[in-house]
There are 2 protein chains.
Amino acid sequence: MSKNLTNRSEDYSKWYNELVVKADLAENSAVRGCMVIKPYGYAIWEKMQAELDRMFKETGHQNAYFPLFVPKSLFEAEEKNAEGFAKECAVVTHYRLQNDPDNEGKLRVDPEAKLEEELVVRPTSEAIIWNTYKGWIQSYRDLPILVNQWANVVRWEMRTRLFLRTAEFLWQEGHTAHATKAEAWEETKLINNVYANFAENFMAIPVIQGLKTESERFAGAEETMCIEALMQDGKALQAGTSHFLGQNFAKAFDVKFTNKEGKQDYVWATSWGVSTRLVGALIMTHSDDKGLVLPPSLAPNQVVIVPIYRNDEQLEKITHVANTIMSDLRGKGVSVKFDNRTTFRPGAKFAQHELQGVPLRIAIGPKDLENGTVELARRDTLTKEIVSLDTLTDTVEQLMTEIQETLFKKALDFRDAHITKVDTFDEFKTVLENKAGFILAHWDGTSETENKIKELTKATIRCIPIDNTVEEGKCVYSGNPSKQRVLFAKAY
Amino acid sequence: MSKNLTNRSEDYSKWYNELVVKADLAENSAVRGCMVIKPYGYAIWEKMQAELDRMFKETGHQNAYFPLFVPKSLFEAEEKNAEGFAKECAVVTHYRLQNDPDNEGKLRVDPEAKLEEELVVRPTSEAIIWNTYKGWIQSYRDLPILVNQWANVVRWEMRTRLFLRTAEFLWQEGHTAHATKAEAWEETKLINNVYANFAENFMAIPVIQGLKTESERFAGAEETMCIEALMQDGKALQAGTSHFLGQNFAKAFDVKFTNKEGKQDYVWATSWGVSTRLVGALIMTHSDDKGLVLPPSLAPNQVVIVPIYRNDEQLEKITHVANTIMSDLRGKGVSVKFDNRTTFRPGAKFAQHELQGVPLRIAIGPKDLENGTVELARRDTLTKEIVSLDTLTDTVEQLMTEIQETLFKKALDFRDAHITKVDTFDEFKTVLENKAGFILAHWDGTSETENKIKELTKATIRCIPIDNTVEEGKCVYSGNPSKQRVLFAKAY
């Protein structure tokens with residue numbers, strides 16, 4: 001366990017990279033751009049998975065599993081999708097290694113084991129899935145198909161960062177098929193709502209729902225909905241997307257069905273996903289210069305108990321008290337760990353749990369044994385209080401809710417304080433440079449303007465918020481007429 | 001839903017292939033040897049995962065995630081392991097596709113995007129994981145590491161069959177690191193026990209625990225423990241393996257630690273896994289000529305309710321009764337589905353649920369409404385009875401246990417009736433040909449004899465059972481002295 005983190009104010013990016021490694025969440029691997037998710041980081045991802053999976057099933061979805069590989073001919077079938085991902089595809093070309101005759105003890109690709117058709121490691125699964133759906137769908141009776149997959153995908157990104165952008169990442173990808181356009185649209189919106197609820201109520205991350213502009217859309221989608229969050233450094237992070245795919249994939253893979261009127265039509269589609277990137281969003285929304293701060297809903301251990309003792313007799317008594325506390329807390333559904341390791345001193349344990357963001361720490365020492373109390377320390381506020389054993393369980397239970405709410409409120413206040421309406425391009429640039437955050441500005445609706453603004457400021461249109469009101473105005477860059485403000489930001 | 005399955009007695013292999021597809025468990029994909037696991041099949045795998053994951057965590061293990069790719073130089077570091085898997089490796093050689101100048105609208109591998117070092121798609125993860133553990137382990141204080149990973153792996157098998165042998169499959173792989181040989185051995189045995197308990201108590205599949213012979217061992221292991229099950233056609237199926245890896249991987253990746261005495265030593269290792277192959281074992285152990293038979297513990301729906309009605313008024317009344325039944329059963333932890341689809345007749349629903357192995361079917365018709373009864377049909381015994389609504393919940397709850405036990409007992413009786421002790425090679429061949437199953441015979445302990453027997457009969461040594469008693473005898477093939485019988489069988 002190494003000592004101090006770089007301060008956020010000093011170097012936010014460095015703070016993030018250090019925190020991920022020091023809090024034992026993940027590390028870089030021997031494979032360029034691919035990470036190892038360590039047990040503590042994976043435990044957080046498992047909690048996200050469990051909750052999302054529950055939400056998907058509650059809304060009628062089932063899980064399935066499709067192949068890791070996409071034959072090149074299928075991959076290229078939907079042109080826009082193929083074009084969007086071709087530049088970052090890992091490609092399997094051979095299926096065997098052999099002893100290298102020029103290099104004893106080493107292996108080489110067996111030139112005779114070349115695949116007839118190359119296999120793309122899935123960067124996303126629309127192609128392989130829609131090729132499969134073709135066999136599943138004949139009639140409206142076979143619809144809707146509401147399927148989700150938990151999987152790994154590979155996008156050969158050049159600049160990678162732990163959790164935020166990795167060559168391989170874990171995600172879920174939903175792929176649904178519908179008889180009507182309206183139904184597919186409802187599904188797109190339903191899932192974006194599921195994502196927004198999950199982010200706000202479970203991860204305590206406030207998000208803005210919106211539509212992507214054409215240039216920010218998923219390759220192959222007619223529309224992309226998204227949830228956008230704001231990190232502590234004023235940069236936006238796209239936390240989830242839900243795509244209305246129209247009939248693009250049905251046409252590319254010739255998936256038709258007989259509707260109720262007996263006529264043939266192409267099937268309507270959606271796809272949607274969130275990934276291990278959410279762990280990055282979690283870290284950057286709540287954590288501080290001391291380390292990770294976790295909302296109770298996502299903490300692998302919600303409470304940790306640290307014994308402070310000078311001899312075995314004291315430890316025995318403390319252990320007895322700790323066992324009672326654990327039993328009571330577990331009865332209330334609170335996860336708790338007794339950190340009775342003998343290889344670390346209390347100070348080192350405190351530092352570790354602070355760094356790893358355990359929401360509540362209970363310390364029990366000899367004085368506490370005499371007084372029937374414990375010391376209760378809150379990670380989010382870094383406050384401590386002495387609590388009687390009689391009221392401890394209730395206090396902890398209440399704090400689980402309170403901490404969750406406090407974190408959300410704090411993030412919401414920060415986010416709301418960092419949405420700025422601007423009406424001139426000078427103001428746009430000034431805000432972006434000094435305060436950053438989201439900027440609400442009029443835009444003329446053209447990709448030219450969007451690209452120009454990006455080129456000049458690095459800010460992109462994060463989304464057209466779904467709760468936008470019509471408001472006549474002039475484009476902040478071109479001065480051309482506009483009917484609504486859109487949300488700009490620099491983004492991860 | 002298509003009609004009849006091939007009978008098992010007619011063509012067991014064909015029966016299996018048809019059943020997997022017709023019961024909507026899985027199907028072949030566009031990628032050679034890779035399967036699509038359909039929602040119904042995946043729901044069974046999810047139940048296995050949940051129970052295994054619980055058992056791993058209960059025994060102190062944590063989940064983590066390591067990269068899909070293994071750089072060639074790491075892959076070849078442990079020689080035996082590399083040799084064992086080199087012949088069936090999918091290899092990534094490029095990281096980009098580009099428009100094919102010779103073929104408009106098509107893509108090709110970009111020759112300029114060739115990787116400096118090829119990446120092997122993991123066939124198993126010892127190499128990448130031990131290369132990672134090197135950074136995690138310095139002292140005995142860092143041990144043990146008890147990590148499991150849920151992942152996909154790829155082995156480019158030439159002859160594949162749904163679930164039983166596929167080029168890509170899903171599995172869990174545990175990888176543990178220990179300070180002493182004894183502790184690593186205990187772990188190896190502990191996990192093999194976990195697997196045996198899981199197979200017997202959760203999947204209702206009796207298994208024999210044993211040690212593999214040298215030639216059947218995992219490539220890179222010092223010893224391989226296994227659980228072996230017997231399928232209805234008398235062939236054995238290896239259902240799980242737990243490997244004692246000695247210090248082989250620690251030496252290959254130079255993973256040393258300082259022990260309590262302050263001396264440097266190589267770390268001791270185990271690895272262990274079960275895969276989606278277990279779904280194949282499940283099917284082949286319990287199912288019959290009518291379709292799938294599922295033990296209640298693994299059934300996505302334990303009970304299905306089918307309404308039989310002539311008009312809306314009847315349906316409404318039946319729905320009312322069904323809702324009460326569902327609420328009661330769910331209160332008892334029994335999963336239940338009301339199949340009120342209007343697009344299928346009761347007969348078609350009965351056929352589907354029989355084919356898909358739902359343990360209990362409740363039918364409710366107009367007569368039942370009058371009498372306060374339902375018709376309760378048991379999938380495993382294909383028996384029906386009329387049950388009063390008053391006692392239904394209790395009856396169903398009891399049947400959940402009874403069916404689980406009956407299936408295990410039936411499989412155990414079959415298995416035990418198919419273990420034959422033989423003392424001559426003629427007898428060996430006769431039993432193998434006529435009765436099949438497991439054969440307990442003396443073996444002289446040499447690979448030569450083992451290979452010769454395999455060559456002559458296709459039977460292999462499945463394991464040396466761990467509960468073997470010492471028994472002097474003569475090798476069934478060579479006549480040389482032997483001290484114990486080993487378990488032979490033809491195997492999947």
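In chain A, 11 strands form an open sheet with mixed pairing, in the order β3-β9-β10-β16-β13-β12-β11-β24-β27-β23-β22. The strands at its edges are β3 (62-63) and β22 (419-421) of chain A; each has a single partner strand, so one side of each is left without a neighbour in the sheet. The model described here is predicted.

Strands of a sheet are held in pairs by backbone hydrogen bonds, and the pairing may be parallel or antiparallel. One pair within this sheet is formed by strand β11 (residues 208-211) and strand β24 (residues 460-465) of chain A, which are antiparallel and share 2 bridges. Here A:Leu211 has A:Ile464 in β24(A) as its bridge partner.

## Overall form of chain A

Chain A contains 14 helices and 27 strands. Its radius of gyration is 26 Å, close to the 23 Å that the globule rule gives for 492 residues, so chain A is as compact as a globular protein of that length. The C-alpha trace of chain A spans about 80 × 70 × 55 Å along its principal axes.

## Strand pairing in chain B

Strand β8 (residues 114-121) of chain B pairs with strand β4 (residues 69-71) of chain B in the antiparallel sense, over 3 bridges. Strand β8(B) is also joined to β5(B) by 3 bridges, and these two strands again run antiparallel.

## A strand pair across the two chains

Strand pairing also links chain A to chain B. Strand β5 (residues 91-94) of chain A and strand β5 (residues 91-94) of chain B are antiparallel and pair over 3 bridges. Within this pair, A:Val91 stands opposite B:His94 in β5(B).

## The interface between chains A and B

The contact draws on 63 residues from chain A and 63 residues from chain B. Between them the two chains bury about 5200 Å², of which 68% lies on carbon and sulfur atoms.

Polar and charged groups also meet at this interface. Between chain A and chain B, 30 residue pairs are in polar contact. On the side of chain A that touches chain B, 38 residues are nonpolar, 9 are polar and 16 are charged. Across the interface there are 4 salt bridges. A salt bridge joins A:Lys57 to B:Glu46, with the closest N and O atoms 3.1 Å apart.

How values were computed: Residues are numbered from 1 along each chain as its sequence is written. Chains are lettered from A and ligands numbered from 1 in the order in which they are written. This is a predicted model: local features need pLDDT of at least 70, side-chain atom pairs count only at pLDDT 80 or more; totals for chains, interfaces and linings use all residues. Side-chain values use heavy atoms; hydrogens and water are left out. Contact means heavy atoms within 4.5 Å. Buried area is the accessible area (1.4 Å probe) that two parts lose on being put together, summed over both. A salt bridge is a side-chain nitrogen of Lys or Arg within 4 Å of a carboxyl oxygen of Asp or Glu. A polar contact is a pair of N or O atoms within 3.5 Å; within protein, one must be able to donate a hydrogen and the other to accept it, and residues adjacent in sequence count only if both atoms are side-chain atoms. Ala, Val, Leu, Ile, Met, Phe, Trp, Tyr, Cys and Pro count as nonpolar, Asp, Glu, Lys and Arg as charged, and the others, Gly among them, as polar. Two strands pair if DSSP finds at least two bridges between them. Helices (H or I, at least four residues) and strands (E, at least two) are DSSP runs, numbered from the N terminus. The radius of gyration is taken over C-alpha atoms; the globule rule is 2.2 Å times the number of residues to the power 0.38.
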